[in-house]
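Visitor: I would like to learn how to read strand pairing and a metal site. Can we start with the pairing?
Guide: Gladly. Here is the model.

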Amino acid sequence: MKKFLTFIMTFSLILYGCTSSPNSPHSEVKGVSEFKNKDFSYYPILGESSNLSESAKDSMDKWRKDIVDLANENKDLIFINGPKTSKDVAITFDDGPDNMVTPKVLDILKNKGVKASFFFIGENIDKYPEVVLRTFEEGNLVLNHSNTHKDLSKISKEEFCEEVDITDNKIKNLIGKAPNIIRPPYGAIDKLDEYKERDLKVALWSIDTLDWSKRDKDNIFNNVKDNIRPGDIILMHTTKDTNATAEALPLIIDYLKENDFNIVTLDKLLDIPPYSYSHY
Ligand SMILES: [Zn+2]
């Protein structure tokens, strides 16, 4: 009986530990004192494409300025870049998985011994679950990019729940845990309380390779080479249309390594837990 009780107590402690520990450190961003420093401010977001119209460029520039202002006011919730004091940087990919470019990118990462962070769309997770599993099993992060790529700032609270929670559940069903890090489509952020309630952290980017605008290997590479700063978060995409991204990736990795940058996943760059075992 005593043995049984000890077993139950130990089991409860393990359970309790699983449910409480991944979430509890979130309210304070542990370790990264730089973000807590009142004088710390995020980088301006960089990256160019000659394919953008004047009006598209104007609205992108306005979004970049506004989102950095919002992030500076909410440093424990919205991240544009990591600490500026070490040469860690993160490579991130949005909009996958697909069955062409995502596997190609995974091959390159594996071959170069680099891990990256992937923001997957729920609908694509349904189509290519084996690619999600491979991404995770090879040490990359599998994170949330909504279920149907809606602008989360323009939908109701109920729709927000569906977009975010359904995707978390799809990921959890595959890899056994739900992400703690989200990237809203288009970087469109509103409803900060909805993120706070879920204890989610929003990771955006400080370098946009513009691979969604100018699908050109050299432009993608140059946006990194000409702009890279310590702590940068680099935005790229893995969809069937982004073959040029896969072509640019080896050049980017080699350039970063040659210049003594460490390529790390977002949880390491930002010092936040990547997953929770207990969201739902
Ligand atoms: Zn996207």
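Guide: Two strands pair if DSSP finds at least two bridges between them. Keep in mind that this model is predicted.

Visitor: How many bridges link β2 and strand β3, and in which sense do they pair?
Guide: Three bridges, in the parallel sense. Strand β3 covers residues 117–120. Look at Phe 93: its bridge partner in β3 is Phe 118.

Visitor: Which residue in β9 stands opposite Thr 92?
Guide: Leu 235. Strand β9 spans residues 233–237 and runs parallel to β2, with five bridges between them.

Visitor: And what of strand β10?
Guide: Strand β10, residues 262–263, pairs with β2 over two bridges, again parallel. Here Val 89 has Ile 263 as its bridge partner.

Visitor: Now the metal. Which protein residues are donors of the zinc ion?
Guide: Asp 95 through OD, and His 145 and His 149 through NE2. They lie 2.0 to 2.1 Å from the zinc ion. Along the chain the spacing is D-x49-H-x3-H. Water is not among the atoms, so a site may look incomplete.

Visitor: Why does His 145 count as buried?
Guide: Because its relative accessible area is 1%, and the cut-off is under 20%.

Terms used:
Residues numbered from 1 in each chain as written. Predicted model: local features only at pLDDT ≥ 70, side-chain atom pairs only at ≥ 80, totals over all residues. Heavy atoms only, no water. Donors = N, O, S within 2.8 Å, 3.2 Å for Na, K, Ca; no water. Buried < 20%, exposed > 50% of the residue type's maximum accessible area, 1.4 Å probe, protein only. Helix = DSSP H or I, 4+ residues; strand = E, 2+ residues; numbered from the N terminus.
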